[in-house]
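My notes follow in the order in which I looked things up.

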Amino acid sequence: MPMTMKQILQKTPPSRKDKAQYCVIREARVMDKDYGHIQTTIYKAKVYSTHDAQGNKHRGPRNVYVATVEVHKKQVVVSCSCQDFCFTFEVALSKKKAARIEYSNGELPVDRNPRMIPGCCGHLFKFGSALVAKKRVE
């Protein structure tokens with residue numbers, strides 16, 4: 001069954017929610033697409049973290065990732081270009097029809113998410129939470 005953004009955020013592990021506090025959203029934009037009879041709104045943003053995975057403040061250049069939330073009625077399809085999303089959540093969410101295989105090779109996340117629990121990275125958690133707070137998605 002397809003998932004809503006709120007469901008994805010609720011299932012996200014606490015460690016990713018904690019990391020989201022260090023994420024900054026930049027260059028957010030919205031596009032409307034019409035796929036025949038299906039109206040889709042696409043939200044995209046560049047997101048980066050001010051801290052590394054160990055919680056230390058970054059010194060030097062930061063990696064900037066693209067977080068995307070596509071909305072088809074209440075159902076969402078999400079993605080983030082970071083490695084955490086790619087190798088932990090992309091396949092698990094694709095099994096729930098809430099993501100496409102874009103960045104990973106489609107292999108099961110045996111080491112990082114063996115139980116295939118849906119969720120998202122800190123970048124997508126920050127962006128998705130902002131969209132929910134502004135009532136852009138459910």
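**Core.** I began with the largest nonpolar core, which has 30 residues. A nonpolar core here is a set of buried Ala, Val, Leu, Ile, Met, Phe, Trp, Tyr and Cys residues joined through side-chain atoms within 4.5 Å. Buried means under 20% relative accessible area, exposed over 50%, and partly exposed in between, with a 1.4 Å probe and protein chains only. The residues with the most contacts inside this core are Met5, Ile8, Val69, Val78, Phe85, Leu93 and Leu124. Two or more residues each come from helix 1 (5–11), strand 2 (38–49), strand 3 (64–72), strand 4 (75–80), helix 3 and helix 4 (122–133). Helix 4 gives the most, with five residues. Helices (H or I, at least four residues) and strands (E, at least two) are DSSP runs, numbered from the N terminus.

**Basis.** I noted that the model is predicted, that local features need pLDDT of at least 70 and side-chain atom pairs pLDDT 80 or more, and that totals for chains, interfaces and linings use all residues. Residues are numbered from 1 along each chain as its sequence is written, and side-chain values use heavy atoms, with hydrogens and water left out.

**Met5.** I listed the contacts of Met5, where contact means heavy atoms within 4.5 Å. Not counting residues up to four places away in sequence, Met5 touches Val69, Val76, Val78, Leu124, Gly128, Val132, Val137 and Glu138.

**Gly119.** I then checked the distance from Met5 to Gly119: they are 114 residues apart in sequence and 9.8 Å apart in space, C-alpha to C-alpha. Gly119 lies in the loop between helix 3 and helix 4. It counts as buried because its relative accessibility is 0%. Beyond four places in sequence, Gly119 touches Ile8, Lys11, Thr12, Phe85, Phe89 and Leu93.

**Sheet.** Which strands pair, and in what sense? I took two strands as paired if DSSP finds at least two bridges between them. Strand 1 (residues 23–35) and strand 2 pair in the antiparallel sense over eleven bridges. They form a hairpin with two residues between them, and Gly36 in the turn has a positive phi of about 65°. Tyr35 stands opposite Ile38 in strand 2. Strand 2 also runs antiparallel to strand 3, joined by eight bridges; the partner of Lys46 in strand 3 is Val66. Six bridges join strand 3 to strand 4, again antiparallel, and Val71 has Val76 as its bridge partner in strand 4. The hairpin of strand 3 and strand 4 has two residues between the strands, and Lys73 takes a positive phi near 60° there. Strand 3 is largely enclosed by the rest of the structure, because seven of its nine residues are buried.

**Thr41.** This residue is in strand 2. Thr41 is buried because its relative accessible area is 19%. Its side chain makes a polar contact with the side chain of Asp32 at 3.0 Å. A polar contact is a pair of N or O atoms within 3.5 Å; within protein, one must be able to donate a hydrogen and the other to accept it, and residues adjacent in sequence count only if both atoms are side-chain atoms. Leaving aside neighbours within four places in sequence, Thr41 is in contact with Val30, Met31, Asp32, Val69, Glu70 and Val71.

**Thr88.** Thr88 counts as buried at 2% relative accessibility. A polar atom of its side chain lies 2.9 Å from the backbone oxygen of Asp84. Apart from residues up to four places away in sequence, Thr88 touches Arg16, Gln83, Pro109, Arg112 and Asn113.

**Positive phi.** I noted two residues other than glycine. Phi of Lys97 is near 65°; Lys97 lies in the loop between helix 3 and helix 4 and is exposed, with a relative accessible area of 57%. Lys135 has a positive phi of about 60°, sits in the segment after helix 4, and counts as exposed at 73% relative accessibility.
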